[in-house]
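Here's a friendly walk through a protein chain for anyone meeting it for the first time.

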Amino acid sequence: MPDNFDSDSSMNHAATTPIPLVDLATQSQAIKQDVLRRMDQVIDAGRYILGQEVQEFEQQFASYCQTKSSVGLANGTDAIHLALRALGIGPGDEVITAGNSFAATAFAIAYAGATPVFVDVDEVDFNLDPSLLEAAITERTKAIIPVHLYGQPARMPEILEIARRHQLLVVEDAAQAHGAEIDGKRCGSFGQAGCFSFYPGKNLGAFGDGGATVTDSTEVLEQLQLLRNYGQKVKNQHDQLGYNCRLDTLQACVLLAKLQHIERWTEQRRQVADWYREELLDMELTLPVERSDVRHVYHLFVVRHPERDRIIEHLKTRNIFCGIHYPNPLSQAQPFSDCVTVPLDLPVVSRLATEIFSLPMYPEMTREQVSRVGQEIRSFLPAKAVAS
Ligand SMILES: Cc1ncc(COP(=O)(O)O)c(C=O)c1O
């Protein structure tokens, strides 16, 4: 047992109850009856594949994302992979993306047969640095995939302007950014396609895997519908090479039930973020910066400190659990070891990978829980020196 572990049995129970990184149980209970009612209808109707709940969800989700349409898919990785294929991206093409994303972004590029090119990120908002983009563009570049990492929108106006000048497609990885906005416009609605994950821990999460691609283009919509269903418009008529990447009807029931609450849950996440700021403002810890034109949806609350491993360990002894998103730059992963990085070795991504960590974050977190996290960090870290 660590020296600083307080085993005093009289200690307040609330002060030792675990605070997980993510808590799905409370939210699942809140929607359980609605989900069961919807699933009951699917079971009775016997439409398990592409049932009407999938279409209903697609319509509601497109409207939520401020796009004309959406296509329900098996997961967020497929959402990116099929979006690239629907846009005609394939072997010989280069696709630029952020060097600090989850591996799926680069995997999806590789599944399409294209080559990822990793660009460094902004030290302040941790997203693709638009000032580096032009150095990464070659005659083979076909698309840019900005990632709205942790729920903070990437700098889309600058990225779109560069894409327009170089005639590049833009596919947004919005897997962590349901409902995030720039000047009131939703993430996923800026490029030719926007890709979402409904992995259970996401801001809008299924009871299993799920994903969707949103788009304003009828052509992209039709391509996605073909690609996700073995390339068939008519049963057993396979017009092109397709896949089995459909959103499950039972998962659509969960997503429909949750979509009714997502706005409230997002505001609760933003409230938790505000509480964290109050608690941690005077600490020697770099807090997330929310740009003034954006609505950050705090999929994760990621802070930064050179001694993050010691802080994480300390918090663990106090039953508070953190994460690291992500500890290894993608360009160092074995499948991408030959890939181009701009600039060489991605200095910001590399630094961040050793310093960032994610504090517990979920809509149902209470003021008391946030205070406890703050106090435990305070007991470990000195307050910022105040200039005299
Ligand atoms: C940034 C990012 N892109 C893509 C994905 C892939 O989504 P999925 O796990 O649903 O395939 C995820 C989630 O895991 C993600 O966080």
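We'll begin with the overall chain and then turn to helix H6.

What you see is a predicted model, so local features need pLDDT of at least 70 and side-chain atom pairs count only at pLDDT 80 or more, while totals for chains, interfaces and linings use all residues. Residues are numbered from 1 along each chain as its sequence is written, and side-chain values use heavy atoms, with hydrogens and water left out.

The chain has 12 helices and 15 strands (DSSP runs numbered from the N terminus: H or I of at least four residues for helices, E of at least two for strands).

Now for H6, residues 156-166. Which of its residues are buried? They are Met 156, Ile 159, Ile 162 and Ala 163. These cover an arc of only 130° around the axis, which puts them on the same side of H6; the arc is that of the directions from the helix axis to the C-beta atoms. An α-helix has 3.6 residues a turn, so residues three or four places apart point the same way. On the other side of H6, Pro 157 and Arg 164 are exposed. The cover over the buried residues includes helix H5 (133-136) and strand E4 (141-145), where contact means heavy atoms within 4.5 Å. Just after H6, Gln 167 has a positive phi of about 55°.

Conventions. Buried < 20%, exposed > 50% of the residue type's maximum accessible area, 1.4 Å probe, protein only.
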